[in-house]
Amino acid sequence: MAYATVHGAPMTRPCPRPSAPLIVFLVLLASCYLALTRLPSAAPLAALIAPSAGHGSGHGAVDSCAGFYRGAGAAGRRAVTASVEEFGAVGDGVTSNTAAFRRAVAALEERGAGGGARLEVPAGRWLTGSFNLTSRFTLFLHHGAVILGSQDPEEWPLIAPLPSYGRGRERLGPRHISLIHGQDLNDVVITGSNGTIDGQGRMWWELWWNRTLNHTRGHLIELVNSTNVLISNVTLRNSPFWTVHPVYCRNVVIKDLTILAPLNAPNTDGIDPDSSSEVCIEDCYIESGDDLVAVKSGWDQYGISVGKPSSNIIIQRVSGTTPTCSGVGFGSEMSGGISNVLVRDLHIWNSASAVRLKTDVGRGGYITNITIANVTMEKVKVPIRFSRGSDDHSDDKYDRTALPMISDIHIVDIVGVDVQRAPMLEAVHGAVYEGICFRNVSLTAIRRQIRWQCESVYGEAHEVFPAPCEELRNNGSSSSWCGLP
């Protein structure tokens, strides 16, 4: 863990030597403390990125983390292929195809046992309620294919809340299932020739706006406790709630997506990896009414108890706009911990923040070993923000002494034009954020507040404009952990 650079005269007054029993006691005490509070060590994420296939390794190569997915579906290798039409589906945008999609998945699961199966959705408008995917399975949307979410809430059945949330995120009790769902699966692919999945979420947004929502809204796509997940080359529109939600997953690749929702659509996050590891998010364009990408890991005491962190995550070449939230957010549900995240080549405009760390009293957990690099932004209200929560808790049983640990956050090569104010960095009351590094940051045409706002946040800043707050000033020195080598 890195700390703020402190300058001052060394102590010349000798300290008395402690006795041997006292030394043993202090060593044991320190060992116990470290065992209880140890944070994950940094992972070499850069080593996991390779030039993408077909680009080579020379000039013009595009680095990709798509190798996180290790299933057979990326090359289209499945033993059995069938069209949803073979199971009675009608692509007229009116006929309900819920039963047809469910029959198709069940039949292909049986036919493709061992070698997997691919369900094709041809051009047309295919109205359906929720359906579940299966392992070794590809859902392929041809150009012109549009899957439409049913407007009948009964076709989005209720399921149990996630253990790390303890209840529905918006309402007590169960929650609505996602439109496309999967649990305990391996090797699942959702892809196509830029077909579309449209959740037709306005019905759900109006329930939320009118305060007549009885249960938490469903996501557009949710995969639970699954490995080797690939979602690519499709357009996702109008999700009722969070758009793509991999939770308790490993080896997830989400790439080449266009995600669209009205900019006032509530809580329509783009991509939310949650208590998941080895996640690659790259080459996505997102417009939404909430965070474009939000890394999460459970809510208050439920997230602490389950203890599933989000780790080893790469987010690169994401662009878009969100007028009320951030380009990339961490939290606020982060009670299981978040570590080893690389965010780079981010382009954000007309948004509330480019990058935001959100947490709260009662969350516990940690956010550590985060690198945010090469971010460009225009017309952003607060470019970088560490914010306190808004008393948003699962219930009144949360631990008020559970404070988040925030450390080793590196923010480098940032350019912002026409931003409203300098960064706002505020720790949760009672917590101290340490090892915060800013390097090569230029924020110009600031219209309102040029002074940084920092509270209980410590670290260093090098080559930063406008001048940082006192808590980050390095007095001309350059330490190895933050300054250039």
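Arg169, Lys296, Glu333 and Asp392 are linked in a network of salt bridges, a salt bridge being a side-chain nitrogen of Lys or Arg within 4 Å of a carboxyl oxygen of Asp or Glu. The model is predicted, so that local features need pLDDT of at least 70 and side-chain atom pairs count only at pLDDT 80 or more, whereas totals for chains, interfaces and linings use all residues. Residues are numbered from 1 along each chain as its sequence is written, and side-chain values use heavy atoms, with hydrogens and water left out.

Glu333 lies in the loop between β24 (326–330) and β25 (338–358) and Lys296 in the loop between β22 (293–295) and α4 (300–306), so the pair ties together parts that are 37 residues apart in sequence; helices (H or I, at least four residues) and strands (E, at least two) are DSSP runs, numbered from the N terminus. Glu333 is buried, with a relative accessible area of 3%, and Lys296 is likewise buried at 3%, where buried means under 20% relative accessible area (1.4 Å probe, protein chains only).

A further salt bridge joins the side chains of Arg363 and Asp300 (2.7 Å, N to O). Because Arg363 lies in the loop between β25 and β26 (366–387) and Asp300 in helix α4, this pair ties together parts that are 63 residues apart in sequence. Arg363 counts as buried at 1% relative accessibility, and Asp300 is buried at 0%. The whole structure contains 18 salt bridges.

Definitions and conventions. Buried < 20%, exposed > 50% of the residue type's maximum accessible area, 1.4 Å probe, protein only.
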